[in-house]
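Dear colleague,

Please find below the structure that I am handing over to you, followed by a summary of what was found in it.

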Amino acid sequence: MKKYAIILAAGKGTRMKTEMPKCAFPLLTKPMISYIVDSLEKCDIDEIVTIVGHKKEEIEKLLANRVNYAHQEEQLGTGHAVLCAKDYITDEGISIIIPGDTPLIDEDIINNLIRIHTSNNNDLTIGTIILDNPFGFGRIIRSNSNLITKIIEEKDANTKEKEIKEVNSGVYCISNKLLFSALKKVKPNAIKNEYYFTDIIEILSNEGYKIDSFTIKDVYKLNGINDLYTLSQIEKQLRNEINKKHMLNGVNIINPETVTISKDVIIEEGVTINQGCVINGNTIIKKGAYIGPNCEIVNSIIEEDTRILHSVIMDSRVMKNANVGPFAHLRMNSVVGENDRIGNFVEMKNSKLGEKTNVAHLTYI
């Protein structure tokens, strides 16, 4: 069975107050849509189709040939956006549909959604979450047989329906043979003239198809990012999750609430990272390294038993037992050799030092 993923990434991000496409906005320095593609690539997904619209070239530049692109020239709702993927998806198999502004959706959620869908022989499976305060979310409406019949939005719900705590997360798994035929039956909203994907639920239910749910327990992973305040809250959650993982693996992070480490960084046990550090990109820090306060390290390799103090290291490598800083700046493929000392206010660019070299201070290499 062939599996597809459709990422909805055509939004303008008006509430982000930026010209950048919303899904390209950075989360811990990495575009939020890249997190979703990373997770999908870890799953058994055959094709990824990304729906692009506003400033589509920026999304295409970020993801390059990792995905296929379907263009939504005019934003006419989520149903219309999914319909734009039709040319890339066959009638056989299933499709996962994911909003492009939910970067914390991981491979566990994706794999479990597929597993529930296939093992229960569902025609459509909706990722749902349980909220004590469901205000603003679409409520899940079920029949007497406990199957889902429709989703009621907040503005359309009556008093009893508003008490329902099971809500729509915006993540779906659906059989391809039903997807586009159902979408063609969706009518435009009378007020906004947009086509809503959730309308297919009532359409399929009325036709006797089986619609059920996969309840996702990690609610915070389904949070959509619509403004900069929400972005900061999601960043805080992700930062705490990343730092916790490293600390449980033997990394000593001092004042972890002040330390930002991106998801792709690899840190071995026995490393100490002081407060105020920012470590990003494809950085590797090996055993016994000491990263002093207020360092920035990007796309670099820090070897065993090195000591870095108050310095910036970008796209470079520091070999074993070297000392760098305070206030050094290494960039553009610089290499510091074993047992070297790079002192105060030394800048290196595109250079390689041999072993036991001492550059004490105020030097440009």
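In helix α5, the buried residues are N176, L178, L179, F180, A182 and L183; buried means under 20% relative accessible area, exposed over 50%, and partly exposed in between (1.4 Å probe, protein chains only). Helices (H or I, at least four residues) and strands (E, at least two) are DSSP runs, numbered from the N terminus. The helix spans residues 176-183 and is mostly covered, with six of its eight residues buried. Those buried residues pack against β1 (3-9), α3 (78-83), β6 (94-99), β10 and α6 (199-206).

**Basis of the model**

This is a predicted model, in which local features need pLDDT of at least 70 and side-chain atom pairs count only at pLDDT 80 or more, while totals for chains, interfaces and linings use all residues. Residues are numbered from 1 along each chain as its sequence is written, and side-chain values use heavy atoms, with hydrogens and water left out.

**The chain as a whole**

The chain has seven helices and 28 strands. Of its 365 residues, 48% are buried. Its C-alpha atoms fill a box of roughly 75 × 40 × 40 Å along the principal axes. Among contacts (heavy atoms within 4.5 Å) between residues at least 6 apart in sequence, 44% join residues at least 24 apart.

**Nonpolar cores**

A nonpolar core is a set of buried Ala, Val, Leu, Ile, Met, Phe, Trp, Tyr and Cys residues joined through side-chain atoms within 4.5 Å. The largest has 41 residues, of which I261, I273, I291, I302, V318 and I342 touch the most other members. At least two residues of this core come from each of α1 (32-41), α7 (228-248) and β27 (341-349); α7 gives the most, with four. A second, separate core of 34 residues includes I48, I96, L113 and I114.

E161 is located in the loop between β9 (148-152) and β10 (166-175). This residue is buried yet has no salt bridge, the nearest side chain of opposite charge being K150, 5.2 Å away. A salt bridge is a side-chain nitrogen of Lys or Arg within 4 Å of a carboxyl oxygen of Asp or Glu; Lys and Arg count as positive and Asp and Glu as negative, while His and the chain ends are not counted. Neighbours within four places in sequence aside, E161 is in contact with R139, I141, I152 and D156.

Yours sincerely
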